[in-house]
Amino acid sequence: MAVLMFVLGSIMGSFFYCLGTRLPKNENILTSRSHCDYCKHELKWYNLIPLFSFIFQKGKCSYCHKKIASGHFWCELSTALLFILTSFYFPIGYDFFVGLIISSLLIIIFVSDFKYMIILDSPMVISAILIIILKFIYYDSIDVLISLISGLCLFLVMILIYKLGNFAFKKESLGGGDIKFSFLMGLILDFKIGLVALVLSVFLALPYAVASLELKKNSEFPYGPFLAGALFIVFFHYDKFVLLVEFLFNF
Ligand SMILES: [Zn+2]
């Protein structure tokens, strides 16, 4: 299982890196063939083996010998590791598939948001559709309805935070992608636990926000990776967070 997840994860990671770096530039990832970013040489199948091509080519294009972005390699490796982790955490079933979807989103958002400050719509839409289908398969239509309402409520909470933030800071406080992503968080985690994940994301982002303000004097930073990170952490420890919420609400 671990070997299967490693192979699948590294292949998907390679695809996610292309997605995260090419879609924001409006390149069509389905029709345009893989090519070197420098010499535009079309890549052969043996240049496209995830992880191994990068290692054997020593991180260089085999045609023009320019350095290939190491993001390729790290993206493939981390997706492979997250997929293996998911298979260790969950037996095959609803949680397992949703775990793979969240891992994928985390990687894509990491790439596109840190590189271009963008959270792409298409991976979020596809994830939402897949999750609703999985809910229909493993649960029933009432659960789907509750999840959709949860997603909508968390989305509205995020819009409220956005409006308050704009008022307080007199500028755009959140990106559109961050607000849309909160719908997915509610859809997956349900409303109460979704709120906990939102709070967690603030704590995860805080050190980075402070550092980028202090070091780069830049008050804008990508928030998506921290939202996705919080979703990942909370989903993988869902039971513990349910206990935490019960404990807090009993006070
Ligand atoms: Zn090249």
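**Salt bridges**

I started with a network: Arg 22, Lys 25 and Glu 27 are linked by salt bridges. I'm working from a predicted model, so I keep that in mind throughout.

I looked up each pair in turn. Glu 27 meets Arg 22 side chain to side chain, at 3.8 Å from N to O. Glu 27 also meets Lys 25 in a salt bridge, with an N to O distance of 3.8 Å.

Arg 22 has a relative accessible area of 10%, so I put it down as buried. Glu 27 comes out at 24%, so it goes in my notes as partly exposed. Lys 25 is partly exposed too, at 46%.

How many salt bridges does the count come to? I get three. Besides the two pairs above, I noted Asp 121 with Lys 180, whose closest N and O atoms are 2.9 Å apart. That pair ties together distant parts of the chain, since Asp 121 is in helix α5 and Lys 180 in helix α7, 59 residues apart. Asp 121 is partly exposed at 38% relative accessible area, and Lys 180 is partly exposed at 39%.

**Asp 178**

I stayed in helix α7, which runs over residues 176–189 and holds Asp 178. Is Asp 178 buried or exposed? I found it buried, yet without a salt bridge. Lys 180 is the nearest side chain of opposite charge, and it is 10 Å away. A salt bridge needs the nitrogen within 4 Å of a carboxyl oxygen, so a gap like that rules one out.

What does the side chain of Asp 178 reach, then? I traced it to the backbone nitrogen of Gly 175, at 3.1 Å. I also listed what Asp 178 touches, leaving out residues up to four places away in sequence: Asp 113, Ile 119, Met 158, Tyr 223, Gly 224 and Leu 227.

**The nonpolar patch**

Which helix gives the most to the patch? I noted helix α5, residues 121–138, with seven residues.

Ile 92 lies in the loop between α3 (71–89) and α4 (94–116). Its relative accessibility is 60%, so I logged Ile 92 as exposed.

Notes. Residues are numbered from 1 along each chain as its sequence is written. This is a predicted model: local features need pLDDT of at least 70, side-chain atom pairs count only at pLDDT 80 or more; totals for chains, interfaces and linings use all residues. Side-chain values use heavy atoms; hydrogens and water are left out. Helices (H or I, at least four residues) and strands (E, at least two) are DSSP runs, numbered from the N terminus. Buried means under 20% relative accessible area, exposed over 50%, partly exposed in between (1.4 Å probe, protein chains only). Lys and Arg count as positive and Asp and Glu as negative; His and the chain ends are not counted. A polar contact is a pair of N or O atoms within 3.5 Å; within protein, one must be able to donate a hydrogen and the other to accept it, and residues adjacent in sequence count only if both atoms are side-chain atoms. Contact means heavy atoms within 4.5 Å.
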